[in-house]
Structures are given as C-alpha cells and as structure tokens.
Amino acid sequence: MNASPAAPAPVPTAPGGLPLIGHAHHLVRTPLPFISSLRDHGSVVRIRLGPTPAYVVTDPVLTRTVLVTEAAHFAKGGKIFDVLRDVFGDGLATIGDGDTHLRNRRLMQPMFNKAHIATRRTAMIEQARSMAEEWEEGQHRDVFADMNDVTLAAFLVALFGADLPANLQREFTTLMPALMKGAIRQTVLPPWVTRLPLPANRAQARGIARLRALMDQAIDHGSTRQAETPADVTGAAGCPHQAAAAHQAGLFDTLRAAEDQFTREQLQDEAITLMNAAIETTATALAWTLYELTRNPGIEERLRAELATVCAGRPLREEDLDQLSYARQVLQEGVRKYGPAWMVTRTATRDVDLGGHRIPRGADVVWSPYLHQNDPAHFPDPGAFDPDRWADGRTPSTRESFFAFGDGRRKCIGENFAWVEMQIILATVLEAWPRFRLVSRPPRAETAITVKPDRLAMAFGTS
C-alpha cells in the first residue's frame with residue numbers, strides 16, 4: 001500500500017510580535033538584525049505586518065522556487081508593491097503579472113540590450129567625469145548624496161539625452177530620496193495609519209504629484225527636441241559633430257517611438273520606475289563600495305593598477321569598460337554585502353506547499369536579497385569584503401544565492417545597464433581623485449528601499 005503524502009508542516013511564527021502592530025516595531029527599529037534572525041527559526045517563518053501575516057523565506061533554494069520554478073503560483077505583489085505603485089504607478093517593476101507585463105517588457109527590452117546601452121557609454125562617462133572633477137579638493141563630502149547625484153545625472157543622460165534642462169535634474173535629485181523614505185515608512189506601518197490625514201502622508205501625496213509633473217516635462221522635452229531636429233542637420237559643411245550635438249538621443253527614444261502603444265501615463269510610469277531603480281540600487285552600491293575601499297587599501301591598489309593598465313595613461317573610454325574585470329568583482333561584492341534590497345514580496349495565488357510548509361492563498365511571501373547574500377552557509381565570513389568571491393572558478397553556491405536583481409521572469413530588466421553605470425562611476429572617481437579618505441565615523445546600515453549608509457563623509461585629494 002502506498003504511503004499517504006505527508007501533511008505540510010505548520011509554519012513557525014517569529015517571536016516578539018505585539019498586539020495590533022505585529023512585528024512592525026522590529027522592522028522599523030532593527031530591520032536588518034530582525035530579518036537576519038529569522039534564519040534561526042526555519043526555512044519559512046511567519047511574521048505579522050500589523051494584523052496581516054507574511055511568510056519570510058530564508059532558504060535561497062526556496063526563494064528560487066518562488067521566483068523561478070513555481071513563479072506562476074507567486075505573483076508579483078504584496079504590501080511593498082502596493083505602496084510602491086502609489087509612487088511609480090504601473091511601471092514594469094510594479095505592474096502585476098500577466099499579458100500587459102509581458103507586452104511592456106518586450107517593448108522595453110531593446111532599450112536594455114548591450115549594444116544599445118553601449119551607444120550611451122561615452123555620454124555617461126563624460127557626465128560622470130565632469131561632476132567628479134568639480135568636487136573641491138579636501139572638502140568633506142556627503143558621499144551617498146554625491147553618488148545619488150552622479151548616478152541620477154548619468155542615468156538621465158542615458159535615458160533622455162545630454163540636453164535635459166538642469167532644473168529638472170535638480171528637482172528629481174531633491175524629490176526622490178524623500179519619496180523613497182515615505183514609501184518605506186508606509187510599507188512597514190499598518191494600512192490605517194497611512195490613510196490618516198497626517199502631515200507626512202500629505203507631503204508624500206504632494207511629492208508624488210510633483211514627480212509626475214516633472215517627468216511629463218522631461219518626456220515633452222524629448223519629444224520637442226525630436227520634432228525640432230532637422231532632417232539634414234549636417235548642413236553644407238557636412239559636420240558629423242554638429243549632427244551629434246543637434247540630436248542627443250537617449251534610451252527613452254526607443255520607448256517614445258512606441259508611444260502609440262503606451263498612454264502618456266504609462267510612459268510616465270515606466271520612466272519613473274526606471275529612474276528609481278537606476279538611482280536607488282547603483283548609488284547605494286557605489287557609496288558602500290567607496291567606503292569599503294577606505295577600509296581595504298590593498299583592494300583599492302588592485303583597482304587602480306587595473307585601471308592604469310587598461311587605460312595606459314589616457315582618460316577612460318567606453319571600450320575600456322569590458323576589460324575592467326576586477327572592478328566588476330569589487331562592485332559585485334559591494335552589491336552582495338549590502339543587499340541592496342532587504343525585503344521584497346510576492347503573493348501566493350493559491351494554497352502552496354513550499355518546502356513542506358503550507359502557504360495559504362492570498363498570503364504575502366517575503367524574500368530578502370540582504371538575508372541570502374549575508375548567509376554564512378553560502379558566503380563564508382559574510383561580513384568580510386572579498387571581491388575574490390567572484391573570481392572565475394569559485395564555488396557555484398556563491399552565485400546561486402545572489403539575488404540582488406531578482407530572478408526568473410521578473411528579473412530586473414536594467415541589470416546590464418546598472419553594471420555599466422556602476423563601472424563608469426567607480427572608474428571616473430578613481431581617475432579623477434588619486435586619494436580619498438573617510439572623515440566621518442564608520443557608517444551604520446539604514447533601511448529604506450535599499451540598505452543605505454546613514455552617514456558617510458569622505459575627502460578627496462590629488463596627493
């Protein structure tokens with residue numbers, strides 16, 4: 001006689017929940033220690049966000065099940081995405097699974113193929129170099145703010161072209177950090193709090209409205225520029241440089257060309273989503289990486305030696321990027337150690353047996369790149385900054401537990417762009433400044449959408 005299949009095991013509940021708010025106080029006060037502690041309670045652990053239960057997956061094998069092998073049963077959704085949708089709208093990162101997501105992803109994919117990104121490398125290098133070289137020698141600088149500014153500027157150059165008005169760039173830089181802080185606040189608090197007419201909630205609503213107005217101006221600027229570019233821009237002299245100056249094309253032109261398939265609101269949604277993804281992840285990773293270089297002079301020396309060998313005494317050019325393999329390892333270790341995301345959700349579309357645990361239909365399922373990428377079972381001595389983890393020939397489990405860009409059909413469409421942007425900015429900072437040092441206390445990790453440094457001041461010098 002065949003044995004009956006084993007009944008799913010009950011999911012253990014994390015200790016420390018409180019009436020009404022559940023585990024929200026842990027997620028607000030000590031989010032990273034709390035999310036990391038769940039590993040000790042099982043491969044799937046139940047927490048409460050207010051009165052709502054959520055199931056945290058602590059085993060990377062089961063996370064890959066959620067994202068890849070049984071992705072059809074775990075739809076993109078949950079409280080985090082409900083909140084982010086208020087900021088971004090139905091962009092590619094927040095829109096639900098289904099035909100619309102597949103259609104939009106196919107339409108946007110050409111923006112992010114390697115050949116298309118390569119056409120924007122030179123403009124991004126020039127933008128990053130001009131900003132880094134403007135820093136005042138010896139000045140104590142807020143490096144996280146600098147990295148936000150440089151990544152945003154490089155991204156806007158890549159997305160919209162080199163002639164976007166400076167006032168738009170400045171307002172984007174001011175708005176985005178505040179909106180992201182408000183979004184994470186609304187994620188961890190009970191829903192009824194976020195619906196109250198509190199000053200913070202009203203400020204968030206005003207910020208979102210302003211962001212949409214700014215993005216509309218950026219889209220209109222690109223459309224006007226295209227319309228005003230003459231067909232024979234080279235004129236009698238036939239000068240190709242004049243042609244390049246007259247039409248500074250960007251990646252978004254690809255999407256704008258399909259405007260008949262997108263409403264204006266959808267174009268806004270996609271541009272806002274892309275902008276946040278480009279800034280939030282890359283700026284955070286770059287800030288932490290620069291901090292780690294101040295703590296690891298041997299790694300900095302290897303980086304500079306690679307850059308000197310590849311560039312041979314001349315300024316960085318776009319064709320050099322593919323040869324900066326150690327720079328890629330350093331950046332990958334920065335992304336690994338610090339997340340960048342610490343809590344991402346899916347929603348179970350039916351009752352699911354996940355690793356022997358029953359997940360009820362409609363439940364939020366939480367996974368954490370930060371948790372997996374700091375798991376000593378897969379990354380020995382996870383607190384160490386070791387770029388050689390990513391050298392060729394190292395253990396496959398290192399790569400199989402790396403979820404910084406997600407996995408499966410909802411994997412980040414802009415991953416290739418992010419690596420290019422990070423390499424450009426890291427290389428141009430090293431090129432512009434032979435020396436830099438930490439002038440603040442060591443930063444503490446602080447959670448927003450990403451795991452960012454709470455304070456990070458550095459001084460840059462030429463000697």
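**Exercises on aromatic rings**

In this predicted model, the charged end of R336 lies over the ring of F379, at 5.4 Å from its centre.

**Exercise 1.** Identify the residue whose charged end sits over the ring of W419.

*Solution.* The residue is R328, and its charged end is 4.2 Å from the centre of the W419 ring.

**Exercise 2.** State how many aromatic pairs the model contains, then classify the pair of F112 and F417 and locate its two members.

*Solution.* Step one: the count comes to 11 aromatic pairs. Step two: the ring centres of F112 and F417 are 6.5 Å apart and the planes stand at 85°; an angle over 60 degrees counts as edge-to-face, so this pair is edge-to-face. Step three: F112 belongs to the loop between α5 (99-108) and α6 (114-118), while F417 belongs to helix α19 (residues 415-432); the pair links distant parts of the chain, 305 residues apart. Step four: F112 and F417 are both buried.

**Exercise 3.** Classify the pair of W135 and F460, and decide whether each residue is buried or exposed.

*Solution.* Step one: the centres of the two rings, W135 and F460, are 4.9 Å apart with planes at 50°, so the pair is tilted. Step two: W135 is in the loop between α7 (121-133) and β4 (140-142), and F460 is in strand β12 (residues 457-461), so the pair ties together parts 325 residues apart in sequence. Step three: buried means under 20% relative accessible area. W135, at 7% relative accessibility, therefore counts as buried. F460 is buried as well, with a relative accessible area of 2%.

**Exercise 4.** Name the aromatic cluster that includes W135 and F460.

*Solution.* The cluster is formed by W135, W433, F436 and F460.

Terms used:
Residues are numbered from 1 along each chain as its sequence is written. This is a predicted model: local features need pLDDT of at least 70, side-chain atom pairs count only at pLDDT 80 or more; totals for chains, interfaces and linings use all residues. Side-chain values use heavy atoms; hydrogens and water are left out. Rings of Phe, Tyr and Trp (its six-membered ring) pair if their centres lie within 6.5 Å; planes under 30 degrees apart count as stacked, over 60 as edge-to-face and the rest as tilted. Helices (H or I, at least four residues) and strands (E, at least two) are DSSP runs, numbered from the N terminus. Buried means under 20% relative accessible area, exposed over 50%, partly exposed in between (1.4 Å probe, protein chains only). A charge sits over a ring if NZ of Lys or CZ of Arg is within 6 Å of the ring centre and within 35 degrees of the ring normal.
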